Amino acid sequence: MADGLNAKLAQTFKYYVEVSSVGQNLTEPQKKEIKDKGMNKMLKECCGDPVAKASEAQVFPKYCDKKTKKLHVDVFVGDFLTELAATVIQNKKKLAKRPDLADPEVATLASELREKIAAKSDAKPKEVKVDAVTARLTDTKSYTGTHKERFDDSGKGKGIAGRKNLVDESGYVSGYKNQGTFENPEEGASPSK
């Protein structure tokens, strides 16, 4: 049962990593780490605002990697939710000291949090609908003139090469086909007179 629940937790975690990284092509290792923005969105939608606030202010900074500021899925499935449950109870009851992680009330709340998050495991990313006008204006095949030069055949932008005329300073005329076929005078060949 715990493995099935952990798998659902990991699936929900991965979904919110993707939701918070819209427009980015993530590798599989990147899909196993979440930033605080994605974590807050997940906890707010699954468990409510007080849980998200407790995570943001107290628990996430404690468990995230100090360099990347991301939380790994293994840490999330492991100790993170139990610590979060204890912090939520502390904040709710306005206790000076955080309750022990082995406390039955903490274990019950941690179990409830896991079940609420696992319930969202079947969520699918929303498809972005593009209307006809946007599709027409973003189709790079219909571009002409200098705009056409900014994109390659697949429609991907060329970057700086597509925005500026880069000058070829090789000394040859732009249409010359035999560039580089003559000997260099500095390499021992005598220049023709």
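Author: Axes here are lines fitted to C-alpha atoms, for helices over the stretch in contact, and the angles between their N-to-C directions run from 0 to 180 degrees. This is a predicted model, in which local features need pLDDT of at least 70 and side-chain atom pairs count only at pLDDT 80 or more, while totals for chains, interfaces and linings use all residues. Residues are numbered from 1 along each chain as its sequence is written, and side-chain values use heavy atoms, with hydrogens and water left out.

Reader: Are α2 and α3 roughly parallel or roughly antiparallel to each other?

Author: Helices are DSSP runs of H or I with at least four residues, numbered from the N terminus. The axes of α2 and α3 lie 7 Å apart, and the two helices pack at an angle of about 150°. Angles under 35 degrees count as roughly parallel, over 145 as roughly antiparallel, 65 to 115 as roughly perpendicular and the rest as oblique. The pair α2 and α3 is therefore roughly antiparallel.

Reader: Which residues does Asn 40 touch, not counting residues up to four places away in sequence?

Author: Asn 40 is found in helix α2, and it counts as buried because its relative accessibility is 14%, where buried means under 20% relative accessible area, exposed over 50% and partly exposed in between, with a 1.4 Å probe and protein chains only. Contact means heavy atoms within 4.5 Å. With residues up to four places away in sequence not counted, Asn 40 touches Ala 52, Ser 55 and Glu 56.

Reader: At which residue does α3 bend?

Author: The expected span of a helix is 1.5 Å times one less than its number of residues, so the 15 residues of α3 (residues 49–63) should span 21 Å, and the 20 Å between its end C-alpha atoms agrees. A bend is the angle between axes fitted to the seven residues ending at a residue and the seven starting there. In α3 the bend is about 50°, and it falls at Glu 56.

Reader: How far apart in space are Val 59 and Leu 84, C-alpha to C-alpha?

Author: Val 59 has its place in helix α3 and counts as buried because its relative accessibility is 1%. Leaving aside neighbours within four places in sequence, the contacts of Val 59 are Ala 54, Phe 80, Glu 83, Leu 84 and Thr 87. Although Val 59 and Leu 84 are 25 residues apart in sequence, their C-alpha to C-alpha distance in space is 6.1 Å.
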